[in-house]
Amino acid sequence: MKLIWAPWRSIYIKEISNKKDQKTCFLCKNRSDQNLCVIKGEHAFVMLNRYPYNPGHLLVAPYRHTGSIERLSENEIYEIFKFITKSIKALKIAYQPDGFNVGLNLGKAGGAGLVGHIHFHIVPRWVGDTNFMSVLADTKIINEELEKIRDKLSALLTNQHG
């Protein structure tokens with residue numbers, strides 16, 4: 001078995017563990033945050049991950065607070081997957097990644113850090129994107145400010161047709 005180390009995630013883990021008793025869902029709380037929200041639809045939205053694995057790491061979620069994929073309406077499913085597709089197109093234009101991780105973790109045992117509000121991760125990937133900084137220095141380099149990433153992707157997503 002190979003181990004993949006992601007020590008830069010410790011900030012996120014500490015924040016989550018300190019908020020175990022907090023009843024506010026970060027997706028519900030931050031979907032109106034103009035610093036993180038990239039685009040809003042009628043049933044779903046796209047926002048930047050505040051603790052990204054890579055630049056351009058996006059979250060796509062329904063507005064409705066549900067942790068169950070089978071409870072999503074057809075309109076929510078359609079808009080979520082439309083936003084996933086549009087986000088991948090925008091990320092390809094903006095950052096030319098070599099590939100993507102697109103995923104959904106369902107339930108605590110499935111790896112969901114937020115069990116109550118379903119959301120998809122879109123992580124752009126580049127060959128060799130895990131470099132010596134993360135391996136030797138416990139440091140992950142995100143080479144662009146979240147606001148600049150948001151502005152760039154928001155413009156691309158807003159101008160896409162379909």
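## Strands that pair

Two strands pair if DSSP finds at least two bridges between them. In this predicted model, β1 and β2 meet that rule: three bridges join them, and the two strands run antiparallel. A hairpin of three residues carries the chain from β1 to β2.

The pairing goes on from there. β2 and β3 also run antiparallel, joined by five bridges. Here Val46 has Val60 in β3 as its bridge partner. β3 in turn is joined to β5 by three bridges, again antiparallel. Across that pairing, Leu59 stands opposite His121 in β5.

## The chain as a whole

How many helices and strands does the protein chain have? The count is five helices and five strands. Read from the N terminus, the order is α-α-β-β-β-α-β-β-α-α.

The protein chain has 162 residues, and 38% of them are buried. Its accessible surface is about 9800 Å². Carbon and sulfur atoms hold 55% of that surface. Now take the contacts in the chain with a separation of 6 or more: 64% of them come from residues 24 or more positions apart.

## A covered strand

β3 is mostly covered, with five of its five residues buried. In a regular strand the side chains alternate between the two faces of the sheet. β3 shows two sets of residues. Leu58, Val60 and Pro62 point one way. Leu59 and Ala61 point the other way. Both sets are buried.

## The nonpolar core

In soluble globular proteins, nonpolar side chains tend to be buried together. The largest nonpolar core here has 30 residues. Which residues have the most contacts inside it? They are Leu27, Leu58, Val60 and Leu153. Several elements supply at least two residues each: β1, β2, β3, α3, β5 and α5. Of these, α3 gives the most, with eight residues.

Set aside its neighbours within four places in sequence, and Leu153 is in contact with Val38, Gly56, Leu58, Ala90, Leu91, Ala94 and Tyr95.

## Two aromatic pairs

The structure holds two aromatic pairs. The rings of Phe45 and Tyr63 have centres 5.3 Å apart and planes at 25°, so this pair is stacked. The cut-off for stacked is under 30 degrees. The pair links distant parts of the chain, 18 residues apart. Phe45 sits in strand β2, while Tyr63 sits in the loop between β3 and α3. Tyr63 is partly exposed, at 22%.

The rings of Phe81 and Phe120 also have centres 5.3 Å apart, but their planes are at 70°, so this pair is edge-to-face. Edge-to-face calls for planes over 60 degrees apart. This pair, too, links distant parts of the chain: Phe81 in helix α3 and Phe120 in strand β5, 39 residues apart. Phe81 is partly exposed, with a relative accessible area of 43%. Phe120 counts as buried, at 8% relative accessibility.

## A set of histidines

His121 is found in strand β5. At 18% relative accessibility, His121 counts as buried, because the cut-off is under 20%. Which side chain does His121 meet in a polar contact of 2.8 Å? That side chain belongs to His57. Beyond its neighbours within four places in sequence, His121 is in contact with Asn49, His57, Leu58, Leu59, Asn101, Val102 and Gly103.

His119 is found in the loop between β4 and β5. His119 is buried too, with a relative accessible area of 9%. A polar contact of 3.4 Å joins its side chain to that of His121. The side chain of His119 also reaches the backbone oxygen of His117, at 2.9 Å. Leaving aside neighbours within four places in sequence, the contacts of His119 are Leu27, Leu59, Val60, Ala61, Gly103, Leu104 and Leu114.

Key
Residues are numbered from 1 along each chain as its sequence is written. This is a predicted model: local features need pLDDT of at least 70, side-chain atom pairs count only at pLDDT 80 or more; totals for chains, interfaces and linings use all residues. Side-chain values use heavy atoms; hydrogens and water are left out. Rings of Phe, Tyr and Trp (its six-membered ring) pair if their centres lie within 6.5 Å; planes under 30 degrees apart count as stacked, over 60 as edge-to-face and the rest as tilted. Helices (H or I, at least four residues) and strands (E, at least two) are DSSP runs, numbered from the N terminus. Buried means under 20% relative accessible area, exposed over 50%, partly exposed in between (1.4 Å probe, protein chains only). A nonpolar core is a set of buried Ala, Val, Leu, Ile, Met, Phe, Trp, Tyr and Cys residues joined through side-chain atoms within 4.5 Å. Contact means heavy atoms within 4.5 Å. Accessible areas come from the Shrake-Rupley method with a 1.4 Å probe; for residues, only the protein chains shown count as cover. A polar contact is a pair of N or O atoms within 3.5 Å; within protein, one must be able to donate a hydrogen and the other to accept it, and residues adjacent in sequence count only if both atoms are side-chain atoms.
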